[in-house]
Amino acid sequence: TNFKQLKFKLGGLLNRRVYSLPFRRDITLTAHHASQIRLFLTEACHRRAVMVTVREHTLSLLLRYQESFSKHDTDNGISSEMLRLMRYIQTQSRDIVDEAR
């Protein structure tokens with residue numbers, strides 16, 4: 001697919017590993033899952049890797065974050081872990097291409 005080709009060519013051009021993080025809102029997410037995603041992103045950052053994602057995956061993650069607070073999921077810790085994840089993404093990522101048309 002075009003996305004796989006982009007990852008492959010970008011990785012070769014930058015001489016860095018390229019990761020993706022597909023995400024949908026219908027994915028059941030626990031505090032442990034959110035923690036594992038943050039750990040994965042932290043490790044990728046330490047390896048100086050590149051993360052490529054599509055806008056709808058980013059928006060789905062953001063909406064799931066907002067839902068964790070609106071559903072009062074504070075009992076199972078998902079809200080606080082999603083907050084940590086979103087803070088990490090906001091401080092460590094850069095949006096360099098946004099829906100070029």
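**Entry 1**

I began with arginine 84 and glutamate 81, which both sit in helix α4 (residues 78-92), 3 residues apart, about one turn of the helix. I take helices as DSSP runs of H or I with at least four residues and strands as DSSP runs of E with at least two, numbered from the N terminus. The model is a predicted one, in which local features need pLDDT of at least 70 and side-chain atom pairs count only at pLDDT 80 or more, while totals for chains, interfaces and linings use all residues. Residues are numbered from 1 along each chain as its sequence is written, and side-chain values use heavy atoms, with hydrogens and water left out.

I then looked up the pairing itself: arginine 84 forms a salt bridge with glutamate 81, and the closest N and O atoms are 2.7 Å apart. A salt bridge here is a side-chain nitrogen of Lys or Arg within 4 Å of a carboxyl oxygen of Asp or Glu. Side chains of opposite charge can pair when their charged atoms come close.

How exposed or buried are the two partners? Arginine 84 counts as partly exposed at 43% relative accessibility, whereas glutamate 81 counts as buried at 8%. For these words I use relative accessible area: buried is under 20%, exposed is over 50%, and partly exposed is in between, with a 1.4 Å probe and protein chains only.

I also asked what surrounds glutamate 81, and, leaving aside neighbours within four places in sequence, I noted that glutamate 81 is in contact with Ala31, Ala34, Ser35 and Arg38. Contact means heavy atoms within 4.5 Å. Arg38 comes up again in a network of salt bridges that links Arg38, Glu81 and Arg84.

**Entry 1: the other salt bridges**

My search of the whole structure found 4 salt bridges. One of them joins glutamate 67 to arginine 25, with the closest N and O atoms 3.0 Å apart. Glutamate 67 lies in helix α3 (residues 55-70) and arginine 25 in the loop between β1 (18-20) and α2 (31-46), so this pair ties together parts that are 42 residues apart in sequence. I noted that glutamate 67 is buried, with a relative accessible area of 18%, while arginine 25 is partly exposed at 41%.

Another salt bridge runs between aspartate 26 and arginine 24, with the closest N and O atoms 3.0 Å apart. Aspartate 26 is exposed, with a relative accessible area of 59%.

**Entry 2: overall layout**

I counted 4 helices and 2 strands in the protein, and from the N terminus on the elements run α-β-α-β-α-α. Of the 101 residues, 25% count as buried. Among contacts between residues at least 6 apart in sequence, 71% join residues at least 24 apart.

Which residues make up the largest nonpolar core? I listed 12: Phe23, Leu29, Ala34, Ile37, Leu41, Leu61, Tyr65, Ile78, Met82, Leu85, Met86 and Tyr88. Helices α2, α3 and α4 each supply at least two residues of this core, and α4 gives the most, with 5 residues. A nonpolar core is a set of buried Ala, Val, Leu, Ile, Met, Phe, Trp, Tyr and Cys residues joined through side-chain atoms within 4.5 Å.

**Entry 3: cysteine 45**

I located cysteine 45 in helix α2, where this residue is partly exposed with a relative accessible area of 35%. Leaving aside neighbours within four places in sequence, cysteine 45 is in contact with Tyr88 and Gln92. Cysteine 45 and glutamine 92 are 47 residues apart in sequence and 8.0 Å apart in space, C-alpha to C-alpha.

**Entry 4: positive phi values**

Last, I checked the backbone of two loop residues. Asparagine 15 lies in the loop between α1 (2-14) and β1, and its phi is near 55 degrees, a positive value in a residue other than glycine. Asparagine 15 counts as exposed at 70% relative accessibility. Arginine 48, in the loop between α2 and β2 (50-52), has a phi near 60 degrees, again a positive value in a residue other than glycine. Arginine 48 counts as exposed at 54% relative accessibility.
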